[in-house]
Amino acid sequence: MNTLLRSLSLLLLLLTAGSLHAAVLKGVVLTRNDEPVAYAYLYVDNKCYATQADENGYFELQLPQGSYQLTATCVGFIPNTTTVSTGDSVWRIYLKNNNLLDAVTITATRSPKTIANTPVVTRIITSHDIEKIDATNIRELLEAELPGIEFSYSMNQQVSVNLQGMGGMSVLFLVDGERLAGETLNNIDFARLNMDNIERIEIIKGAATALYGSNAVGAVINIITKTPNEPWTAQVNGRWGSRYGQYRYGGHAGFNKGRVSNLINVQTDGFDSYKLYDKDGDSTLVYGNHQWNIKDKLVFKLNEKEQITARGGFYFHQREVSEIDKERARDFSGGLRYEKQLNDFDRLEVNYGYDRYDKSDFYPLIDKEFLDYKNVQHTLRALYSHTFNENINMAVGGDMMNDYLMSYQFAAQQNNHQQQTADLFAQADWEPSIHWELVGGLRADYFSHYGIELTPKLAAMYKLGDFRLRGSYAKGFRAPTLKEMFMDFNMANVFTIYGNESLESEVSHCFSLSGEYLRQHFSATLTGYYNRVNNQITTVWDPQLGGMVYQNVGGMHAATIDATVVLRTDCGLGGKLCYTFFHEFPLEEYNLSDTRPHSVVLQADYHKAFKHYDLFLMINGRMLSASDYYVVSSSDGVAYDTYAPFHSVGYTLWKVSIMQRFRNAATISLSIDNLFNYKPKEYEYNMPYTLGTTILLGCSIDLHRILPQLYDR
């Protein structure tokens, strides 16, 4: 009995002591114009204390006495972390609208800058944009966000990209600044790039070779992944479609504790095979596919100025080509990145990356799988930046890469080749006055099978109040790939495609001029591009060999005009209108570009926050014009040396979505894709492979927000 009494007394003493040290943290969440942010969420970093503001932005949070790092967040605003302490003070926490002025980009200059102060025209797609579109992979997202981009089908229904006249070999996709292995049929495997852990996507149109090397001729699309900032996170989600068995299941778990944070994401998605019938009753079988994506990102802070980031990923993809043959692809990726802020003026980053992409054929009747394609890349990079004063920043760096390729498209006697590359680059960012900013860069690339290529870049921006005027010139190049140099592939006994070790690089000269008007809630941008591409690499019919041979041909001259208007209001209404015009100046008699001259993306959305409830409404439209061009064809069944006219019809697709979020923890979404039930009369390679209107139903649950101990209600 005495023992029990002593235990109860000790427990009472602890509870009393705890209550004596408890305090209330009071505050209000405001915009930069001192307007309240209704129902914002607030949590203490690395601690299980959180609450929600009321309709006037006021909040109270009971926690032990002391100082804390308090983070405030709300949909449509940039999260803000502030040091606060308990007491009688009423803390004012300010949130900035998540708009173009406040967005931060690193791709254009390799150093963090707000979009309003970046001399190179950059488009940012935020995590909030991705959530509204509810895209599964990069293809779905870019089609909904960018005019001038079109994903179509090449041989055997492999997906190809066309961005303002540039194909997949001229559009460089990066993940956290890292290249991707697995070029196949002139494109990467876009299903690898799912949207489950994306913080933002930064897009630079035009040549960016001076910073990123070969392939950055037409554009750079850099996908930047998330790092958890809450004490711990866990989510499960799913989406189901009404046609051909569409599904997507996924989830993530993460934590941020002390010096360590980690985030792991898992997603599986796919659809079943289905048939399309054109106006004449002819059918096209669309291959079903299923894939898994698993990614992990670990960040360890050695101290306030040093950190190490480790990443790893696994991807599996299977296409249902037939009952007896399944095409499979796998990817294994990983890397380490060391970052150190040496002092107030110097910063160092060292990175190693590994990426292996395999393709194989699986025969279920005999339960055997045969590997016929393997691309392995090892990359080592160093980047050093120095700030001379507040007006001048210099960045220098270099890369080394070993690129190994084993392919069924090579001759049997030597089915693998490899190439070593190295580069050095330097870039200076100078702000001589409050109105002017200049960027200049130079890069030297070495290829063991080719030689050396030099690429310069110069960009300038003039600022006057809310106006921005940007102009740039950049040289770009695309070195011949291992496939283009060593290919020896029989195309179904029709003809053979031969590589050419004497190929030279494609070289481009890209000019851009942009005018912008930017306000807190409104922006309007008009940009013109002119791109001259010489020594284009393509296949040409060789009558002596009786096949197609990779050759350098004349090239392409093209002009593009981009116009974008974006509106965001504090009352929740928003809209976006993007238009792209493209025109190619043929160097020969025939126009060979199948790029559509006109394309439009239109988006309108509405967000309303209530106590423990958020409502999102969105409508998205995509309009593509018709296109007339010529294709290389066979005149006698063998020689591919004649040109035939081709016509691609225009089309329009619309999608409407409604999302409801409860207690900032559970989301239910309903979308109607292809709202007006569009079906092509003929299913060409660049037409949407759709059966008509599709209903999509999704649900996600944030488990860490459901548990009651996380909130002080």
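User: Buried means under 20% relative accessible area, exposed over 50% and partly exposed in between, with a 1.4 Å probe and protein chains only. On that scale, is Gly 148 buried or exposed?

Analyst: Gly 148 is buried, at a relative accessible area of 14%. Note that this is a predicted model: local features need pLDDT of at least 70, side-chain atom pairs count only at pLDDT 80 or more, and totals for chains, interfaces and linings use all residues. Residues are numbered from 1 along each chain as its sequence is written, and side-chain values use heavy atoms, leaving out hydrogens and water.

User: Where is Gly 148 found?

Analyst: In the loop between helix 3 (138-145) and strand 12 (149-153). Helices (H or I, at least four residues) and strands (E, at least two) are DSSP runs numbered from the N terminus.

User: What does Gly 148 touch, not counting residues up to four places away in sequence?

Analyst: Asn 162, Leu 163, Gln 164, Thr 580 and Ser 599. Contact here means heavy atoms within 4.5 Å.

User: How many bridges hold strand 16 and strand 17?

Analyst: Seven, in the antiparallel sense, between residues 198-205 and residues 219-225. Ile 201 has Ile 223 in strand 17 as its bridge partner.

User: Different topic. How many salt bridges in the whole structure?

Analyst: The search finds 38, a salt bridge being a side-chain nitrogen of Lys or Arg within 4 Å of a carboxyl oxygen of Asp or Glu. Arg 337 and Glu 178 make one of them, with the closest N and O atoms 3.2 Å apart. This pair links distant parts of the chain, 159 residues apart: Arg 337 is in strand 25 (residues 326-341), and Glu 178 is in the loop between strand 15 and strand 16.

User: Are those two buried or exposed?

Analyst: Arg 337 is buried at 19%, and Glu 178 is buried at 5%. Both belong to a salt-bridge network that also includes Glu 339, Arg 347 and Asp 445 among its members.

User: And what does Arg 328 form a salt bridge with?

Analyst: Glu 369, at 3.0 Å between the closest N and O atoms. Arg 328 lies in strand 25 and Glu 369 in strand 27 (residues 368-389), so the pair ties together parts 41 residues apart in sequence. Arg 328 is buried at 15%, whereas Glu 369 is partly exposed at 32%.

User: What about Arg 478?

Analyst: Arg 478 forms a salt bridge with Glu 484, with the closest N and O atoms 3.0 Å apart. Arg 478 is buried at 2%, and Glu 484 is buried at 2%.

User: Now strand 43 and strand 44. How do they run?

Analyst: Antiparallel, with eight bridges between residues 651-662 and residues 666-673. Lys 655 stands opposite Asp 673. The hairpin has three residues between the strands, and Arg 663 there takes a positive phi near 50°. Strand 44 also pairs antiparallel with strand 45 (residues 694-702) over eight bridges, where Ala 666 has Ile 701 as its bridge partner.

User: Last one: where does pLDDT stay under 50?

Analyst: Over residues 7-20, which have one contact beyond four places in sequence. Residues 708-713 are also below 50, but that stretch has 19 contacts beyond near neighbours in sequence. pLDDT is the predictor's confidence in each residue, from 0 to 100. The protein averages 88, and 94% of the residues score at least 70.

Technical notes. Two strands pair if DSSP finds at least two bridges between them.
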